[in-house]
Amino acid sequence: MSNIIKVSVRNLVEFVLRSGDIDNSFMSMSRALEGTKAHQKVQKSYGIEYKSEVILKHNVYYDDFIIELQGRADGIFTFSDEIIIDEIKSTTKDLEDIGEDYNELHWAQAKCYGYIYSVQNDLDYIHIQLTYFHIESEEKKLFKRKYTREELKEFFFFLTDKYIEWASITFYWGETRNKSIKELSFPFSSYRKGQRELAVAAYKTIEEGKNLFAQAPTGIGKTMSTLFPSIKSIGEEITSKIFYLTAKTITRKIPIASMEMMTEKGLRAKAIVITAKDKICLNDEVKCNPRDCTFAKGHYNRVNAAIMDIFENEDLITRDVAISYGRKHNVCPFEFVLDVSLWADVIICDYNYVFDPQVYLKRFFENPFENYVFLIDEAHNLVDRSREMFSAEIRKGSFLELRDIFKEDYPPIYRSLNKVNSILNKLKKDLEIEGEYYQKEEIADLYYPIKKLMTILEPWLVEEKNHEEYDKVLELYFNLLTFNKISELYDNHYVTCIKEISKDLILKLYCVDSSYLLKEALDRGRASIFFSATLTPLEYHMDLLGGKEGDYNIKLSSPFPRKNLCLMVGNNVSTRYRDRERTYIHIVRYIETFISAKEGNYFIFFPSYAYMTTVYNLLINRNQDLNIIIQNGNMSEIEREEFLFKFEVGNNIIAFAVMGGIFSEGIDLTGEKLIGAIVVGVGLPQICFERNIIKDYFTHNLGEGYEYAYVYPGMNKVLQAAGRVIRSPEDRGAILLIDDRYGTSKYKSLFPNEWLGFKNVRNDMTIEKILEKFWE
């Protein structure tokens, strides 16, 4: 039986014949809509001999393959003496500058339609016409050529023969991959406690096309427990592609290592890491145009050869691998990776490439109901990340800062900027805003002036690329574009926030509950598996992450011996803001006692930088010989690596860090690299305007506003921070939680099973005795 490959005529032509530069210079966002309207104007101008939007289908047979081609011709003229295939192209370019050979791709697509039509209608020859329509002047320029069927056949089969070369390589690769998957066994000699249970649940979820929410403590091997069954589902042809989604770059190391481990066991699968453009760009500054980047110039002339090279020689394509091939073939690594990802089996990338409405990978999600599996790592992070993905704001000051640029030479833009500014001024006055304000209703009067401003900015952005303030105007435009897009999503899950900060006014469309939008994104795939050590409580996360009726959940216990963890709770010390002045000294004494029980490396986690700094100063004044390192708020990646490297090479390091920060999750310091951690406070997010909006919303809808806004997010930070200590079966470590709220039933009910049996401590002497016994 032949294997069927479905492809559109347009994609066939663009893949085989693509050439030219990457040029991300500004293009009008209304261009596509204008193009559609231009097509319709041209089509309506013709008489009864013209038929528009004609669907054409054709199969091409090879030994082992059938290529199913489909396309839509813009129009076909049927006269008594000739047939004309018409291809319409809208343009803003001066028609005088467009010659017959302006773009060979335009002819190529029409020639394919001409061949299909001549075969199906037994024509010896046919005419191909290109119609260029100028959007502004509405003038037309026509070019017409006559082709015999044999000429078109030769061209058509040149394209399909080239395409089948690539298609056959990828198809036969699929056979190799699936054979290796069927022979692949679990890469460890045995399953850890809970690991088989999670792997079985993951496979069942994929098989049934549902979602799974899994709380799995450190050590179970969550990545392998979800990735292995997902790979198996590809071999069974249940799944076509796996997206392994992470919140932070640092956490991508684990799925990469898992893929390497399975590869060592015989797996053949293509895995690729998508790295943000600014982190993979080969230039000092990201400028994606042929004037500023040698990799952008002629990129499409070389990229197919680069794709073929990397596909034939690499199974795991990391950032470094992509960069090396980018240099070898002189192509942009970022665009190259996006192209290669179309043929990858596993894509490792950030959440936003699947969920963010501004940047998600539309190339994968244009067709609904694909058999994709989404593996969402550290899924607790997606709650707040998704709120920001689906929110947008404008700042009054950005209109004032730029309007004088246009006052003399572009008065319509000047007036339009003033219009938006005036509406914001009126809002402030009418609503008597001082500080912070929000309402459930949207301010629809603002939308049309913003759309109008975007429309009249577009010609300026096309024509004035050398203006000294160009980048600022472009930034404003894209901000307005995002605002406009988010406004189309506005419903009862949103509120409109207005804040006055330093005489500026910020208006935000704030998505308080993004669950339904996440649900829509999840529907682009077959199944999703959310996993984290801290999906506490599960019902809260299922509710906010787009869970639906019939989805599965699983809660697993730690696989490590309970005796390896010494958990103490200092529930006689308040860390509330109003009590801190009198309890600082208690915190300092607890830290001194805790770290003196055994020499080694420790983390001390705090709810804020200010709190951390105060305790640090008190502790260092009393203990000037301590080797304390402290996190700062703007650490570069190199500084972060240097911070963590101290744990690899040093001893007696006391690291101060904030909960919810870069060092409280996603890092592995096994064995003696970290033997203990103190968590000061219950991790509550700072009381603020937006958190209180969340509180109001969920109080009204569920009666659990304070829990949803503060308690549950805070407890997840605590669990993540404490989870740094025990990372392997051999690890032994101590944890001290300090806050009187840990003594309440509300917080104790959120403790994981492995924390049961904790010891209450009420002074430093008790801590000393417990630790002395534990370390012995």
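Helix α11 (residues 333-341) has 9 of its 9 residues buried, so the rest of the structure largely encloses this helix. "Buried" here means under 20% relative accessible area, "exposed" means over 50%, and "partly exposed" is in between (1.4 Å probe, protein chains only). The buried residues of α11 are Pro-333, Phe-334, Glu-335, Phe-336, Val-337, Leu-338, Asp-339, Val-340 and Ser-341. Helices (H or I, at least four residues) and strands (E, at least two) are DSSP runs, numbered from the N terminus.

Before going on, a word on the model: it is predicted, so local features need pLDDT of at least 70 and side-chain atom pairs count only at pLDDT 80 or more, while totals for chains, interfaces and linings use all residues. Residues are numbered from 1 along each chain as its sequence is written, and side-chain values use heavy atoms, with hydrogens and water left out.

## Salt bridges

Asp-339 of α11 also takes part in a network of salt bridges with Arg-18 and Arg-363. A salt bridge is a side-chain nitrogen of Lys or Arg within 4 Å of a carboxyl oxygen of Asp or Glu. Side chains of opposite charge can pair when their charged atoms come close. How many salt bridges does a search of the whole structure find? The search gives 41.

| Acidic residue | Basic residue | N to O distance |
| Glu-100 | Arg-145 | 2.9 Å |
| Glu-707 | Lys-746 | 3.4 Å |
| Asp-696 | Lys-695 | 3.8 Å |

Take the salt bridge between Glu-100 and Arg-145. Glu-100 sits in the loop between β4 (83-91) and α3 (104-120), and Arg-145 in strand β6 (residues 140-148), so this pair ties together parts that are 45 residues apart in sequence. Glu-100 is partly exposed, at 34% relative accessible area, whereas Arg-145 is buried, at 17%.

Now for the salt bridge between Glu-707 and Lys-746. This pair links distant parts of the chain, with Glu-707 in helix α25 (residues 705-722) and Lys-746 in helix α26 (residues 745-748), 39 residues apart.

In the pair formed by Lys-695 and Asp-696, Lys-695 is partly exposed at 24% relative accessibility, and Asp-696 is partly exposed at 33%.

## A patch of negative charge

On the surface, Asp-284, Glu-285, Asp-292, Asp-471 and Glu-475 gather in a patch of negative charge. For such a patch, residues must have over 30% relative accessible area and no salt bridge, and like charges are joined within 9 Å. One of the members, Asp-292, lies in the loop between α8 (277-280) and α9 (299-313). Asp-292 has a relative accessible area of 45%, which makes this residue partly exposed.

## Cysteines

If you are thinking about disulfides, the search of the whole structure finds 0. A disulfide is a pair of cysteine sulfur atoms within 2.5 Å.

## Backbone details

Which peptide bond is cis, with omega near -10°? The bond from Thr-536 to Pro-537 has this geometry, and Pro-537 is in the loop between β17 (527-532) and α20 (538-544).

Two residues have a positive phi although they are not glycines: Glu-237, at about 60°, and Lys-503, at about 70°. Glu-237 is in the loop between α6 (222-235) and β8 and is exposed, at 65% relative accessibility. Lys-503 is in the loop between β15 (494-501) and β16 (504-511) and is exposed, at 84%.

Strand β8 (residues 241-246) holds Ile-242, which is buried at 0% relative accessibility. Ile-242 and Leu-382 are 140 residues apart in sequence, and their C-alpha atoms are 18 Å apart in space.

How values were computed
Patch = residues over 30% accessible without salt bridge, like charges linked within 9 Å, V, L, I, M, F, W, Y side chains within 5 Å. Areas by Shrake-Rupley, 256 points an atom, 1.4 Å probe, with all protein chains shown as cover. Lys, Arg positive; Asp, Glu negative; His and termini not counted. Charge placed at Lys NZ, Arg CZ, Asp CG, Glu CD.
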